[in-house]
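Please open the model in a viewer and keep the selection panel at hand.

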Amino acid sequence: MRAYTPKDDVQAKAYYTDRFYVAPQVPKQDVQSDAVFAADLAAIKAKFEVKDAFIQVTNMVVYINANDIYSLLEFMRDELEYTQLTEMSAIDWLAKDNTFEIFYQMLSMNKRKRIRIKYSIKKGQAVDSVEKLFRSADWSEREMFDMFGIEANNHPFMKRILMPYDWQGHPLLKTYPLQGDEFAAWYEVDKIYGKEARDVIGPEIRDTARVDRYDSERFARLGYEVPKGTKITDDMEKTEQSYQEEGGVFMITKFDKASSKIIDDPQR
Amino acid sequence: MAQVKNRLSPFFENITFDREDNELVLNFGPQHPSAHGQLRLMLHLQQEQIVKAHPDVGYLHRGMEKMAENMIYNEFMPTTDRMDYIASSSNNYGFALAVEKLIGLEVPRRSKVIRMLLLEINRLMSHLFWLATTALDIGAMTVFLYAFREREYLMDIIEGYCGARLTHAAIRIGGVPLDIQDSFLHQLRVFLNKLPQNIKDYEDLLDTNRIWLMRMEEVGTISKEMALSWGCTGPMLRASGFAWDLRKEEPYELYDEVEFNVPYSDKGDNFARYRIYMEEMRESAKILYQVIEMYEKCVDNDETALMAHAPKYISAPKIDIMTQNYSLMQHFVLVTQGMRPPVGEVYVATESPKGELGFFINSQGGPYPYRLKLRAPSFWHTGILTDLLPGHYIPDVVSIIGTTNIVFGEVDR
């Protein structure tokens, strides 16, 4: 029977899993253990609903409601001195509970602190753009849209940024295979030669590690070299190749394997 | 702007424009020698002045974040080389540090010292490369040749260490794989003793050069607000008036034990950035002298460990693998299955030569990261061109792209 592969997450899976293995946790500290974070969190809690907050590896993580994000970041920028939006993107949890988790990595240069704001949205829901607050979100949100298909409301130019404009599919979704989907395999063929050439050319081979030992047109066969285009059969002899002209080259003695002493002691 | 001094009056005798507004759209790149890679800029021009700029990136997109989700942690290390390929050890280091923070690992002192040597050599390599290419774009061929000559020495030292010149993969999660070779410190000292004179040579050629000043001064001025809003980091931020260097502010490795200054300027123009790169090279040299001493102290104190001892995550030293059964088994498991860091999230930022290089890792306890986000500084340093270029002239585009120091391996990832 063929092994079951989940369709909602086609990423690489661990080959070996221990049923009784309990993964350890990265320790979380209480927010009260850091005075600056505690004050910031108190200020945020006074105005916004905070679902959860803790410190993990020197960053404070704050979970909020999706529709608070614009006013919260504005508040943090203007009142709490978190003046830089370092990074923002999403995490795909569609396979687990049909949500995306969006995170905003904020930096305060005066306090030397970093806060990560997080919230969840359902699939198909759009986020509020914070591009008016931080211009850096312009490109981040475009990248997020490109990679996950999450749109940002009020964004001035909601277009793909890294993938081609006419691409279909969002590559960082867990449902998107590493070597691309059907559309990806035909994209360049259609673009360059046209759809009518599909039969002649065939789909693009997107497995970078693919080796076809029966194909002597495109693949070398070390130790079994044959002229290009030779039809390969399974019962072929090993062909020793000579890489030097028979007549020899000026000043260079022809290498003769039989009469050479081969030193195989690495410690020689 | 600054180009007014010697601006030529436009000469459009034989050209007619279709549109009434006299606007010309110029595609700058994606194959343009001074675009430093595959950058396509769509420039809307009124005569020679840019009224709207639209950078288009993605020509070098290889999907590294996707690859990371399908690779074990150690497997991803050589891929990080291909981000900022001008200073690849910085990327290796950023990733290694993020994973070490995730599993809570302390690295032996000797490998910290070696990492700092590599990081600072990479910074020098990157800055020399920046100087060379920017000067070449602006027309200063001599500086290009000089700076590449010096960079060659550094590449030779690195090649002696790890065998590669550009894609080093010289740092491992948990330490470094090898001790430095015997000639390393000697070669480095010879280089460092010459470097001040070399930097002075570049400065003699450029600092008072009329053409250089005209192309650099008051061109591409980034205000404080703009730098913050666009998430500028590294020299781009420091040139706009913030003395913010992660090596000082959030010290990692042994940067809190070395003396160095953070050069900054409040001008924010191309020339300020140029000065900062030059000063940072001097500071890197200063750091390297101190790190060489630290290394010698490690040798004197007989601190030989290079990799952290954490059997769950890091393979044992080679000698143990070859002699002890358990170490061999553990090594086999770690190579075939990969380490499984704890469940949690981490964002770790380091000061790469280009700016803040961040790695966000969400681990679900598996051998593959559940989500890995690469925060590459050049991404936003390219985005800022949207706001920075309007108002400038076409020749300024080249010098502004030059001083933003963007590398497309990093922008597109």
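Helices and strands are here DSSP runs, a helix having at least four residues and a strand at least two, numbered from the N terminus. The model is predicted.

**Chain A as a whole.** Select chain A to begin. On that definition its secondary structure comes to 6 helices and 8 strands. Followed along the sequence, these elements of chain A are arranged as β-α-β-β-α-β-α-β-β-β-α-β-α-α. Orient the view along the principal axes: the C-alpha atoms of chain A occupy a box of roughly 90 × 60 × 50 Å. The radius of gyration of chain A is 29 Å, whereas a compact globule of 268 residues would have one near 18 Å. Of the contacts in chain A with a separation of 6 or more, 44% join residues 24 or more positions apart.

**Helix 2 of chain A.** Next, select residues 69–78 of chain A, which form helix 2. Which residues of this helix are buried? They are A:Ile69, A:Leu72, A:Leu73, A:Met76 and A:Arg77. Turn the view to look down the axis of helix 2 of chain A: the buried residues line one face of the helix, because they fall within an arc of 130 degrees. Now display what covers them, which includes helix 1 (35–47) and strand 3 (59–64) of chain A, together with strand 5 (99–108), strand 6 (113–122) and strand 7 (127–128).

**Two residues with positive phi.** Move to A:Thr58, in the loop between strand 2 (50–56) and strand 3 of chain A. A:Thr58 is not a glycine, yet its phi is positive, at about 65 degrees. A:Thr58 is partly exposed, with 16 other C-beta atoms within 10 Å.

Then select B:Glu218, in the loop between helix 7 (210–216) and helix 8 (224–229) of chain B. B:Glu218 also has a positive phi, of about 55 degrees, although it is not a glycine. B:Glu218 counts as partly exposed, with 15 C-beta neighbours inside 10 Å.

**A helix pair in chain B.** Finally, select helix 11 (residues 270–300) and helix 16 (residues 394–404) of chain B. Their axes lie 10 Å apart, and the two helices pack at an angle of about 35 degrees. The crossing of helix 11 of chain B past helix 16 of chain B is left-handed. Show the side chains at the contact: B:Asn270, B:Arg273 and B:Tyr274 in helix 11 meet B:Ser399, B:Ile400 and B:Thr403 in helix 16. The residues of this contact comprise 2 nonpolar, 3 polar and 1 charged.

Conventions
Residues are numbered from 1 along each chain as its sequence is written. Chains are lettered from A and ligands numbered from 1 in the order in which they are written. This is a predicted model: local features need pLDDT of at least 70, side-chain atom pairs count only at pLDDT 80 or more; totals for chains, interfaces and linings use all residues. Axes are lines fitted to C-alpha atoms, for helices over the stretch in contact, and angles run from 0 to 180 degrees between N-to-C directions. A crossing is left-handed if the near helix is turned anticlockwise from the far one by less than a right angle, and right-handed if clockwise. Two residues are in contact if their C-beta atoms, placed from the backbone, lie within 7 Å. Ala, Val, Leu, Ile, Met, Phe, Trp, Tyr, Cys and Pro count as nonpolar, Asp, Glu, Lys and Arg as charged, and the others, Gly among them, as polar. The radius of gyration is taken over C-alpha atoms; the globule rule is 2.2 Å times the number of residues to the power 0.38. A residue is buried if 20 or more other C-beta atoms lie within 10 Å of its own, exposed if 12 or fewer, and partly exposed in between; C-beta atoms are placed from the backbone. The arc is that of the directions from the helix axis to the C-beta atoms.
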